[in-house]
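Here are my notes on the aromatic residues and one surface patch. Please read them with the model open.

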Amino acid sequence: FRSLTEIERRQAAGGDLAGTNLEATKETGEPGHAGIAGGASVWYSWTAPSSGLVAFSTSGSAIDTVMGVYTGATYPLTLVTDNDDEDFGSGIFTSRVSFSAVAGTTYKIAVDGFDGETGGIQLHALLGVMAPANDNLANATPLTGATGTASGTNVDATKEAGELEIVENPGGASVWWTWTAP
């Protein structure tokens, strides 16, 4: 038995769900999530309690997952973000997405098995994650000098509205640097 305080704390931080996509199918008109046809999707609905960065992950799932986050009530839905692989060193490829949620907006989260794989699925939600400082073009990190290296991460980075594809890839987790030739 968990106390109300523990439940409130868990809900405030996001939450975890366990399930399966055994015997799941793909609906008529359903998109291919992260460009993967899939074939055994399960859907979750989440309404953002507040505005801010949120992340969803399928780490710990028993199958190779693909995931898509959408808005809308009927097909065609509006894609917010999607992901195919993020290997957590386990040899099982799971998915992770992050995006700027808008309070009161209902998001549809689809989890499917890569190439129709079926099995156990873990879905984790975390509200209030921190995007990298250079997540948006307006906050690009300046590079200086004629030579050098820079390091960073795009974990929990987002794609800005109007951001173009890079080399015909829609991306979804970009970070930015700026450099002026000396």
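1. Start with Tyr 75. This residue is partly exposed, at 28% relative accessible area. The scale is: buried under 20%, exposed over 50%, partly exposed in between, with a 1.4 Å probe and protein chains only.

2. A word on the basis. The model is predicted, so local features need pLDDT of at least 70 and side-chain atom pairs count only at pLDDT 80 or more, while totals for chains, interfaces and linings use all residues. Residues are numbered from 1 along each chain as its sequence is written, and side-chain values use heavy atoms, with hydrogens and water left out.

3. How many aromatic pairs does the structure hold? There are 6. A pair needs ring centres within 6.5 Å, for Phe, Tyr and Trp (its six-membered ring); planes under 30 degrees apart are stacked, over 60 edge-to-face, and the rest tilted.

4. Look at Trp 43 and Tyr 70. Their ring centres are 5.8 Å apart and the planes stand at 45°, so this pair is tilted. Trp 43 belongs to strand β2 (residues 42-47) and Tyr 70 to strand β4 (residues 65-71), so the pair ties together parts 27 residues apart in sequence. Strands here are DSSP runs (E, at least two residues), numbered from the N terminus.

5. Compare the exposure of these two. Trp 43 is partly exposed, with a relative accessible area of 26%. Tyr 70 is buried, at 3%.

6. Trp 43 also pairs with Tyr 75. The centres are 6.4 Å apart and the planes are at 65°, so the pair is edge-to-face. Tyr 75 sits in the loop between β4 and β5 (78-83), while Trp 43 is in strand β2, so the pair ties together parts 32 residues apart in sequence.

7. Glu 27 joins this picture. Beyond its neighbours within four places in sequence, Glu 27 is in contact (heavy atoms within 4.5 Å) with Trp 43 and Tyr 75. Glu 27 lies in the loop between β1 (14-20) and β2. Its relative accessibility is 43%, so Glu 27 counts as partly exposed.

8. Ring pairs link Trp 46, Phe 56, Phe 99 and Tyr 107 into a cluster.

9. Finally, Trp 177. This residue is in strand β12 (residues 177-179). At 33% relative accessibility, Trp 177 is partly exposed.

Technical notes: Helix = DSSP H or I, 4+ residues; strand = E, 2+ residues; numbered from the N terminus.
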